[in-house]
Amino acid sequence: MEKKKGRTLARNNSKARERWGFYFCLPFVITFLIFSVYPVLRTLYMSFTDYKGYGQENFVWFDNYTRAFKDPLFWDAFVNTLKMWGLNIVLQLGLALLLTIIFSDIKYRMRGLSLFRALFYLPNLIACTSVAFLFKTLLDWKFGSFNQILMQLGIISEPVNWLGYANTAQIVVAVIGAWMWFGNSFIMLMAGVQGINREYYEAAAIDGAGRWKTFFSITMPLLKPIMIYVAITSLIGGLQLFDIPYLMSGGKGDPSRSLFTAVFYLFNMGFKNRQMGYAAALAFVLFVIIAICSAVVFKLTNRKEKK
Amino acid sequence: MKLKRIFTAILAGTMALSMAACGGNTDSTTGSADGEAAKPEKLVVWTLAEDLKDFAAHYTEKTGIDVEVNVIAPADYPTKLNTSLGSQSDEVDIIVGEPQMLPDFFDAGYFADLSEFDSAAQEKLVPYIYEAGKDSNGTLRALSYQVTAGSVIYRLDLAEEVFGTSDPEEIGKLFSSYDAILDTAAKLKEKGYCIFGDTGALRWFANANTPWVKDGKLQVTEDSLGYFDTAVELYQKEYVAFAPEWSAAWYASMAGELPVNAGWTALEDIEEGTPTTQIFSYIMPSWGAVTIRDNAQDNIGNFGVCEGISSFFGGGTFIGVNEYSKNKEAAKDFVEFCTLNEETSEWWIDESNGDIVSMKSVLEANKDYENPAFGNQKTYEFFMKQAENIDYSLITRYDTEIGNAFGTAIVAVQNGEKDKETALKEFYTTVKATYPEIEVPEA
């Protein structure tokens with residue numbers, strides 16, 4: 001009898017402990033419901049209405065989504081985003097890879113990895129507003145330092161209006177993005193390199209493999225999953241590109257709307273043109289695109305694990 | 001067990017508080033109509049410019065009622081107002097808006113009915129101010145203490161040197177059409193001067209006689225196309241100084257010489273030895289005249305004002321009462337004090353050192369005032385006439401975005417990136433995509 005009572009008590013204690021677990025989770029759950037779940041559901045609801053940010057909201061069902069798929073400006077903005085991200089990721093990964101080659105070479109034995117890692121990461125810590133202001137000043141058409149240097153080196157004879165033409169303005173944004181983020185990619189790639197078993201390198205050295213052979217036959221294949229991960233997470237972030245193009249164009253998206261990104265466009269729709277319902281629909285279209293990209297990441301990662 | 005109870009109580013309290021915080025404003029409208037205190041402790045104002053701080057101090061001096069004025073940047077103002085008043089908050093009593101913001105704010109129901117001032121406003125104020133303050137049903141909801149009629153402000157010395165006269169009537173003829181403006185610019189260029197700081201100066205005349213949108217259709221008229229072509233020609237022939245409005249070089253030009261092609265560069269960053277020029281004219285609303293006067297330094301008194309292609313106005317602070325305020329009557333008293341009180345209007349002319357007020361009787365009383373900053377020209381008389389000519393039906397809620405899109409098209413042609421046809425086609429596409437309800441010539 002006493003044994004049974006003891007078991008019941010133990011079970012009750014265990015249940016009580018479980019309940020405490022729930023209590024401890026509550027603050028997070030409540031915050032999450034209020035600040036994450038509710039805004040998402042509210043945005044979804046808004047996307048089916050003609051809400052302007054004030055006044056009444058009437059159901060228009062899928063009208064906003066139909067409009068989004070037919071809106072040439074939204075898709076132009078999306079293409080702009082892809083162009084800027086595309087160049088950015090090539091530069092960002094290229095530079096990070098180059099640095100990884102240098103720092104991972106067992107023969108070079110480069111010193112000061114921790115210091116350089118911190119230095120390369122620094123641009124990531126500067127506020128976007130400061131970065132935009134810095135580059136706008138450097139790239140000033142008539143009197144900017146960048147043009148002055150190029151002219152003194154004899155590379156150009158006339159100052160170039162970098163931010164005045166669609167193509168150059170997009171290149172500038174891509175370069176800024178690469179400069180800000182290459183440190184982050186470098187850290188991830190270096191972490192990947194450090195995770196590679198040193199025995200592979202020793203075996204390659206014994207077999208007489210050269211520096212480049214070792215890199216292309218050992219380092220690169222083993223780094224591939226990390227590189228795919230960096231590229232695709234960067235795509236997810238890149239599709240949400242907003243701050244630098246917004247600041248560089250003074251909120252106008254010019255020249256020739258070339259700096260309008262998808263998020264910049266939906267921001268303008270919602271907060272400048274007061275078409276919150278449509279902006280919410282655009283946000284969900286973007287959400288779907290980003291979700292597909294995320295699914296690709298998971299699929300690629302899982303495939304690797306199965307192998 | 002005790003600890004558990006305390007913990008549960010804290011959690012329940014936190015939840016209750018967060019729910020209360022979310023729904024705290026729901027019953028804020030209840031106190032608005034009746035049972036109001038005759039004299040509130042404090043009135044709260046949200047505004048776009050510093051002006052109302054002076055009005056508030058003057059009001060406190062006269063009535064003893066404290067007025068807290070919060071100045072919010074124009075770019076952030078609509079969002080702040082929509083966020084707060086969208087949830088029917090009573091945290092602010094007096095709100096404002098610029099003319100292009102007012103139709104949306106009126107539709108949203110943020111501005112309380114000011115019909116009790118209707119007849120006084122119609123009788124006392126310049127007609128376009130009264131028109132701008134009414135909603136689509138004709139109910140008065142906002143009023144302004146100032147008129148912001150526009151003018152061409154020109155340099156008297158350069159006018160004498162290049163055209164042999166500085167008479168406003170004669171100089172006005174040089175700005176009477178786009179062709180005249182191009183001729184004027186060419187003559188100034190011959191003497192080494194620039195007609196404007198930047199081609200954007202002409203934007204005020206883009207819809208001089210027709211609104212951008214009429215009967216649901218986009219109107220691209222001779223006026224707007226004339227603006228397009230003239231802006232491109234002025235740019236490509238380098239008739240302007242390439243100093244955009246509000247840039248350091250543009251401010252510097254009011255006192256005399258400025259470096260050519262300065263753009264937005266700070267003056268200290270411009271290389272020594274850069275060629276300089278002088279700007280002949282500025283096209284701006286009446287507050288621009290005050291800006292020029294305040295930056296003219298030794299050049300003060302060396303400016304005149306004349307009419308351009310058409311009368312226009314830009315900006316201006318319209319004051320109203322928050323529909324959800326608990327101090328509506330007191331707030332209405334403040335609005336009346338600022339906009340319909342002759343003594344305040346006279347006071348504001350002195351206090352602002354030259355703002356153009358909206359009260360007809362005060363403008364009339366000051367019409368013979370010879371303004372030393374503008375070569376002793378009778379500027380009140382001039383702006384009064386301009387204000388009377390303003391056709392408020394030319395203003396639509398679409399103007400800001402359509403104007404920006406048109407500007408983008410012009411810049412693309414100026415830079416040589418696109419031809420006019422392509423740029424206009426893209427402009428139509430932009431308007432159609434932004435406002436699907438507007439019919440455009442082609443998209």
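**Chains A and B: a short tour**

Hi everyone, let's start with chain A: from the N terminus on, its elements run α-α-α-α-α-α-α-α-α-α-α-α. That comes to 12 helices and 0 strands. Helices here are DSSP runs of H or I with at least four residues, strands are E runs of at least two, and both are numbered from the N terminus.

Some housekeeping. This is a predicted model, where local features need pLDDT of at least 70, side-chain atom pairs count only at pLDDT 80 or more, and totals for chains, interfaces and linings use all residues. Residues are numbered from 1 along each chain as its sequence is written, while chains are lettered from A and ligands numbered from 1 in the order in which they are written.

How confident is the predictor? pLDDT is its confidence in each residue, from 0 to 100. Chain A has a mean of 85, with 93% of its residues at 70 or more. Within chain A, helix α2 (residues 63-70) has the highest confidence, at 92, and helix α12 (residues 276-306) the lowest, at a mean of 81.

Now the overall form. The C-alpha trace of chain A spans about 95 × 70 × 30 Å along its principal axes. Its radius of gyration is 26 Å, whereas a compact globule of 307 residues would have one near 19 Å. That radius is taken over C-alpha atoms, and the globule rule is 2.2 Å times the number of residues to the power 0.38. An automatic or database assignment sets the domain bounds, giving domain 1 (1-46) and domain 2 (63-306) in chain A. The C-alpha centres of these two domains of chain A lie 41 Å apart.

Where do the chains meet? The contact takes 27 residues from chain A and 30 residues from chain B, with residues in contact if their C-beta atoms, placed from the backbone, lie within 7 Å. On chain A's side, α1 (2-46), α3 (72-104) and α11 (262-272) each give two or more residues. α1(A) gives the most, with 4 residues.

Over to chain B, which has an open sheet of 5 strands in the order β2-β1-β3-β12-β4, with mixed pairing. Why is one side of β2 (66-71) and of β4 (143-144) left without a neighbour in the sheet? Because these two strands of chain B stand at the edges, each with a single partner strand. Pairing requires at least two DSSP bridges. Strands β1 (residues 42-47) and β3 (residues 94-97) of chain B pair in the parallel sense over 2 bridges, and B:Trp46 has B:Ile95 as its bridge partner in β3(B).

Notes:
pLDDT is the predictor's confidence in each residue, from 0 to 100. Two residues are in contact if their C-beta atoms, placed from the backbone, lie within 7 Å.
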